[in-house]
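Please keep the viewer open as you read.

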Amino acid sequence: MFNIFKRKKEEPKKNSYYASLKVREVVKETSDTVTIFFEQPEPFLEYKPGQFLTLILEINGKEERRSYSLCTSPYVDPYPGVTVKRIKGGVVSNYLNDHIHPGKTVNILKPMGNFTTDFHSKNKNHFVMITGGSGITPIMGITKSVLINEPNSKITLLYCSRSEHEIIFDKQLDQLAAAHPDRLEVLMNITKPGPDWTGLKGRIDAAKIKETLAKSASAETTTTKYFICGPEGLMDIAKETLHGMNVPQEDIIKESFYTAASENAGDPDAQGSDRPFLTREVTVILQGQEYSYAVSPDKTILEAGLDENLDMPYSCQSGLCTACMGRLLSGEVKMDEDAGLSDNEKKEGFILCCVSRPMSADIKIKIE
Ligand SMILES: Cc1cc2nc3c(=O)[nH]c(=O)nc-3n(C[C@H](O)[C@H](O)[C@H](O)COP(=O)(O)OP(=O)(O)OC[C@H]3O[C@@H](n4cnc5c(N)ncnc54)[C@H](O)[C@@H]3O)c2cc1C
Ligand code: FES
């Protein structure tokens, strides 16, 4: 029998949202994408360009949480905004495209994420952005922030869309490129273009990425940073190409919105033979308080904690967003997916509770 110190089951779950934001404006970007701008809360929302918000919504009587990257820059835009592309059959993206309206309030977790950088007016960076579809969202916030904060840095943006009508931020990007002709180069690639399209076309492959990089190489900048965010296939090609060109791992900053592997992250039957087969006791330190509870082999540490009514932070529940990150103080866990963690975070002992399963006794995790 485990010694469990936790809130009583019947005690209502505390909803530890960070802020409640009021929708200010909803802008239709394309037929299947909207940008939702929020009023500034009091105090103002602090975030880094490229970070994401976790929206907590009640849809059909059920709480849903999803991560959405901020498309705005805290240095440029008065109101924070997220851009949401409709996913076929998706619960939240369709709700937001069809039903969100000015005046509605949405609870959020604090802005999170490592898909960002620090800015300095003396930097002479070359930012190479490779993106597609809704992956442009965080890139937009970073691009605006570079242009205003780093007068000596330049940006090459390779942006892939399926058709001309699906280019998100089409006009905004044109305007930014026209305003900064020497510092921002936008290369639009359309997979299935109409007859009038004169830009890049077809699938993005290694040759196209290499050609773009060769053309955009700049003698005036000192450091090149690569930001990759987009559909899985595009990200895989971009990562492979950059690794093949011996670009150091630490210069490649990437964000995945979705991976097919994450679909199986919570499914023990899809995890192979090294999954745990014992129920283990786990201790979690949450807001300074220790809670111990049992985790059965078919549950992750987050799922079992939520079953115990613990107020653990989470969003994507598939190992991508890091909302559920904690530091493993003792014991051993197996993570089904760890795409959200940087190499440094892994070295420092951070784990993602939503995809972690206990593999030993004495597991203690501190959630900060
Ligand atoms: C860190 C982070 C940042 C994100 N930022 C953005 C953003 O700025 N804009 C944005 O539109 N989305 C973003 N996403 C994705 C977003 O969180 C949701 O996953 C997406 O909107 C789908 O949610 P849903 O409820 O509509 O679909 P769900 O109901 O969760 O899923 C329905 C089905 O669609 C498939 N699916 C789910 N997500 C995707 C996907 N992204 N691509 C392809 N198939 C999918 C799955 O097969 C799933 O079974 C981000 C995700 C992460 C982790
Ligand atoms: S909740 Fe997103 S990584 Fe765990």
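The report below covers the conventions, then a sheet, one of its strands, and some ring contacts.

## Conventions

This is a predicted model, in which local features need pLDDT of at least 70 and side-chain atom pairs count only at pLDDT 80 or more, while totals for chains, interfaces and linings use all residues. Residues are numbered from 1 along each chain as its sequence is written, chains are lettered from A and ligands numbered from 1 in the order in which they are written, and side-chain values use heavy atoms, with hydrogens and water left out.

Let's begin with the strands, which are DSSP runs of E with at least two residues, numbered from the N terminus. Six of them make up an open sheet with antiparallel pairing, in the order 4-3-6-1-2-5. Strand 4 (62–69) and strand 5 are the edge strands, each pairing on one side only. On average, neighbouring strands of this sheet are turned by 40 degrees against each other, direction ignored; the axes here are lines fitted to C-alpha atoms, and angles run from 0 to 180 degrees between N-to-C directions.

Two strands count as paired if DSSP finds at least two bridges between them. Strand 1 (residues 19–30) is joined to strand 6 by four bridges, and the two run antiparallel. Within that pairing, Lys22 has Thr105 of strand 6 as its bridge partner.

## Strand 2 and its neighbours

Strand 1 is also joined to strand 2, by six bridges and again antiparallel. These two strands form a hairpin with two residues between them, and Lys28 is bridged to Val34 in strand 2. Strand 2 also runs antiparallel to strand 5 (residues 81–85), with five bridges joining them; here Thr33 has Lys85 of strand 5 as its bridge partner.

How many residues of strand 2 (residues 33–38) are buried? Six of its six residues are, where buried means under 20% relative accessible area (1.4 Å probe, protein chains only). Thr33, Thr35 and Phe37 point one way from the strand, and Val34, Ile36 and Phe38 point the other way, all of them buried.

A search of the whole structure turns up three aromatic pairs. Rings of Phe, Tyr and Trp (its six-membered ring) pair if their centres lie within 6.5 Å; planes under 30 degrees apart count as stacked, over 60 as edge-to-face and the rest as tilted. Phe115 and Phe227 form an edge-to-face pair, 5.3 Å centre to centre with 80 degrees between the planes. This pair links distant parts of the chain, 112 residues apart: Phe115 is in the loop between strand 6 (105–112) and strand 7 (125–132), and Phe227 is in strand 11 (residues 223–229).

Phe227 is buried at a relative accessible area of 0%, and Phe115 is buried at 1%. The rings of Phe127 and Phe227 have their centres 6.0 Å apart and their planes at 40 degrees, so this pair is tilted. It too connects distant parts of the chain, with Phe127 in strand 7 and Phe227 in strand 11, 100 residues apart. Phe127 is buried as well, at 0%.

## Charges over rings

Two arginines are worth a look too. Arg24 lies over the face of Tyr79, at 3.8 Å from the ring centre, and Arg65 lies over the face of Tyr314, at 4.0 Å from the ring centre. A charge sits over a ring if NZ of Lys or CZ of Arg is within 6 Å of the ring centre and within 35 degrees of the ring normal.

Definitions and conventions
Buried < 20%, exposed > 50% of the residue type's maximum accessible area, 1.4 Å probe, protein only.
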